[in-house]
Amino acid sequence: MSEFNIKTNDEILSNAQSGDNVQMEIAIEKYRPFVELAALKYKDSPLEYEDIIQEGMIGLLAAIKSYDSKKGASFKTYAKICIDNSIQTALRKFNRQKDIPAQNFIEYQEEELPFQNGAASAEDIVIAQESVSLLTKVLHENLSDFENEVLRLHIVGCSYNEIAKRLCKTPKAIDNALQRVRKKLTGISL
C-alpha cells in the first residue's frame with residue numbers, strides 16, 4: 001500500500017511562503033475563485049475585468065506571502081480581505097488619475113531641428129541616429145511588445161479607437177497600455 005503525501009492547507013501556505021514554487025502555484029489555483037468572485041462585484045467599474053482580476057491576483061499573492069495562522073483568522077477570510085483591498089486600491093488610484101486637472105499636462109511644442117531645413121551637418125546626423133538608437137533600446141528594455149506597438153501607433157497619430165481596432169483590443173485597454181507606458185518612462189533619462 002503506497003502512502004500519498006496530501007498536504008494540509010497550512011502546509012501548502014507555509015511551503016509557498018518558504019519559496020516552494022509548486023506549492024505557490026497550488027495555493028494560487030486553489031484560491032483563484034475568490035479573486036474571480038471579488039472581481040464580479042466590480043464588473044461595472046471603470047477598470048476592465050482583466051485589470052480587476054490582475055489586481056485581485058496581486059492581493060492574493062500578498063495574502064499568501066503574509067498570512068500568519070497564529071493571528072486567529074482563517075486564510076480564506078484573510079485572502080478575501082487582501083483581494084478586496086487590492087482591487088479597491090487600484091480603483092482609487094484610477095479615479096485619482098482621471099481627475100488630474102488639464103493644466104497639469106505639458107503641451108508638446110515642436111522645435112526646429114538643424115537638419116529640418118536641409119542644413120544638417122554630419123555630426124548632427126550621427127547624434128540624431130545615436131539618440132534614436134538609444135531611445136529604441138530604452139523602449140525595448142522597459143516596455144512589453146504590446147506597449148511598444150501601442151506607443152508606435154499613438155506616435156504616428158492613430159486614435160485610441162484606431163489602435164484598438166488594429167490590435168483587436170478595446171479603447172480602454174489601449175488607454176491602460178499608454179498609462180503604463182507613461183509610468184514606466186517617467187524618470188528615465190537618456
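What you have open is a predicted model, in which local features need pLDDT of at least 70 and side-chain atom pairs count only at pLDDT 80 or more, while totals for chains, interfaces and linings use all residues. Residues are numbered from 1 along each chain as its sequence is written, and side-chain values use heavy atoms, with hydrogens and water left out.

Now switch to a cartoon view. The chain has 8 helices and 0 strands, where helices (H or I, at least four residues) and strands (E, at least two) are DSSP runs numbered from the N terminus. Of the 190 residues, 28% count as buried; buried means under 20% relative accessible area, exposed over 50%, and partly exposed in between, with a 1.4 Å probe and protein chains only. Take the contacts (heavy atoms within 4.5 Å) between residues at least 6 apart in sequence: 56% of them join residues at least 24 apart.

Next, select Leu60, Ile64, Phe75, Ile83 and Ile87. These have the most contacts inside the largest nonpolar core, which has 28 residues. Such a core is a set of buried Ala, Val, Leu, Ile, Met, Phe, Trp, Tyr and Cys residues joined through side-chain atoms within 4.5 Å. Helices H1 (9–17), H2 (21–40), H3 (49–66) and H4 (75–98) are the elements giving two or more residues to this core. Zoom in on Ile83: beyond its neighbours within four places in sequence, Ile83 contacts Phe34, Val35, Ala38, Gly56, Gly59 and Leu60. A second, separate core of 8 residues includes Val150, Leu153, Ala164 and Ala177.

Stay with H1 and H2 for a moment. Their axes come within 8 Å and cross at roughly 125°; axes are lines fitted to C-alpha atoms, for helices over the stretch in contact, and angles run from 0 to 180 degrees between N-to-C directions. H1 and H2 are therefore oblique to each other, given that angles under 35 degrees count as roughly parallel, over 145 as roughly antiparallel, 65 to 115 as roughly perpendicular and the rest as oblique.

Move on to Tyr78 in helix H4. Setting aside neighbours within four places in sequence, Tyr78 is in contact with Ala63, Ser66 and Tyr67. The C-alpha atoms of Tyr78 and Tyr67 are separated by 7.4 Å, with the two residues 11 apart along the chain.

For the last stop, select helix H7 (residues 160–167) and helix H8 (residues 171–185), whose axes come within 8 Å and cross at roughly 105°. That makes H7 roughly perpendicular to H8. Here Tyr160, Asn161, Ile163, Ala164 and Leu167 in H7 meet Pro171, Ile174, Asp175, Leu178 and Arg182 in H8. In the loop between the two helices is Cys168, with a positive phi of about 55° although it is not a glycine. At 70% relative accessibility, Cys168 counts as exposed. Asn176 in H8 counts as buried at 10%, and Asn176 touches Glu48 and Asp51, not counting residues up to four places away in sequence.
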